[in-house]
Amino acid sequence: MAGSFCSRGLPLEGMVILSGIIIFGFGIGECNLMPGKKILEVREKIKHLKSNIVSRLPTGDGDIIDCIDIYKQPAFDHPALRNHTIQMAPSYDPNIEETTTKANRLQNQDSSMNLASRLWQKSGSCPKGTIPVRRLPQKLPLKTNSLEDYGRKKPCSSPPLTRINKDISSNLQQSNRSVAILLTEGYSYSGVKGDIKVWNPHVESDDEYSTSQVSLKSGPYYDFESVEAGWAVNPSVYGDRKTRLFVYWTADASKKTGCFDLTCPGFVQTSSEIALGAAIYPLSVPSGLPYQITLFIFKDPNTGNWWVQYGERINLGYWPPDLFAWLRGNAETAEWGGEVYSSKLEHPPHTKTAMGNGQFPDYVSGNSGCIKRMRIRENSLVLKFPEWVSTFLREYRCYDAEYIGDYIEDPEFYYGGPGQNPLCP
């Protein structure tokens, strides 16, 4: 395991090319492909968003960055946030560990160095008082029923009651989604954290995606609420198959609320350093250097805001509690792992969309999806590894998971798979 991501060797932090996401850039040339009502919706959205641009920056990877007035960002179009006052930083230092292990010491020493270089700086940076937002590619197909649906996961019903495992939370057992996760429940959670190894998995169809994330959830399976952060390959949202940083939320199991990044009102961005929807660079490759991103979702005890922190020090922004009902309090479940969305699950031919890097769990060489330094926060402000964890799989012949907790200083979680294979036709 020497030199692998999940060994006890020195990790390398994934660096992020500045980019974000915003709903405009649908060129007029594409409008003739859409119904008249959508054309009007798109034009109105473009007009509204362009009025808030302070400046714009090209990037080295083809993205265009618009610098948006922080007080005119999309979040404040949400009815519950019209009179919201921005919290520019958490009210306390969230990185309080119960114990300091060797792995923690190495990570803390290395994180600031590995975050220092960003390619977007070659093109300048957004001025003070603005946030960087990636412009949506013009040729991205608009396949949703309306702009309100864009950027939201497709809602999916739970399996029939006869197929539900009553020992596992039902919101894990949703149709059209395959997961390989480590979870803890039974307490009240105000934070979840992990170091996620970064890959670029194959995604077969434009309407499918593959993600690796940390998340907090509450509520019944048919109407659950969640906040999530991680990396994704999601052509339907980002218009390409690059691995990108994401945040996601929903207050009703993705039926009518929630979205990735800033594609709908909700998430309040405060960082001018890294934008949502960012292309992550460099990526891990087999037999090469391992790269990871560190993500931490935590609740500010004074404001109730659910913050997302990247790389130990950069607070990206937060979801206000006004968006939620169950998550106005703490979460019921904390999770780490991978997810694949496809309409071609649980029946042949299975999708070839991969989870992790497309390999089954490999704790020897680390050549698979992997999350380490997993932490939760309960009622106190102290981070710790949970007292109880369990793995959950939807399709073990297609995607698998392995928890390594014995005889090591800090437990590790490996997951992933190729999707379609001889055992998963």
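What share of the contacts in the protein chain between residues at least 6 apart in sequence join residues at least 24 apart?

## Overall picture

The model described here is predicted. Among contacts between residues at least 6 apart in sequence, the share that joins residues at least 24 apart comes to 75%. The secondary structure of the protein chain consists of four helices and 21 strands.

The protein chain has 425 residues, of which 59% count as buried.

## Cavities

Three cavities of 30 Å³ or more are counted in this model, and the largest cavity holds about 210 Å³ of space. Its lining is made up of 21 residues, and those closest to the centre of the largest cavity are Lys153, Gln174, Lys217, Glu228 and Glu339.

By residue class, the lining of the largest cavity divides into six nonpolar, eight polar and seven charged residues. Several strands take part in this lining: β5 (177-189), β7 (209-218), β8 (225-233), β9 and β16 (331-341) each supply at least two of its residues.

## Alanine 253

Alanine 253 lies in the loop that runs between β9 (244-250) and β10 (259-260). With a relative accessible area of 7%, alanine 253 counts as buried, because the cut-off for a buried residue is under 20%.

Once its neighbours within four places in sequence are left aside, alanine 253 is in contact with Pro155, Tyr221, Tyr222, Asp223 and Phe224. Glutamate 225, which is 28 residues away from alanine 253 in sequence, has its C-alpha 6.2 Å from the C-alpha of alanine 253 in space.

## Asparagine 305

Asparagine 305 is placed in another loop, the one between β13 (292-299) and β14 (306-310). Is asparagine 305 buried or exposed? Its relative accessible area is 3%, and asparagine 305 is therefore buried under the cut-off of 20%.

The side chain of asparagine 305 makes a polar contact, at 3.2 Å, with the side chain of threonine 303.

How values were computed. Residues are numbered from 1 along each chain as its sequence is written. This is a predicted model: local features need pLDDT of at least 70, side-chain atom pairs count only at pLDDT 80 or more; totals for chains, interfaces and linings use all residues. Side-chain values use heavy atoms; hydrogens and water are left out. Buried means under 20% relative accessible area, exposed over 50%, partly exposed in between (1.4 Å probe, protein chains only). Contact means heavy atoms within 4.5 Å. A polar contact is a pair of N or O atoms within 3.5 Å; within protein, one must be able to donate a hydrogen and the other to accept it, and residues adjacent in sequence count only if both atoms are side-chain atoms. On a 1 Å grid over the protein atoms alone, a cavity is a set of points where a 1.4 Å probe fits but cannot get out, and a pocket is an open set with protein on both sides within 12 Å along at least five of seven lines; lining residues have an atom within 4 Å of a point. Grid points are joined across faces, edges and corners, and a volume is the space filled by probe spheres set on the points. Ala, Val, Leu, Ile, Met, Phe, Trp, Tyr, Cys and Pro count as nonpolar, Asp, Glu, Lys and Arg as charged, and the others, Gly among them, as polar.
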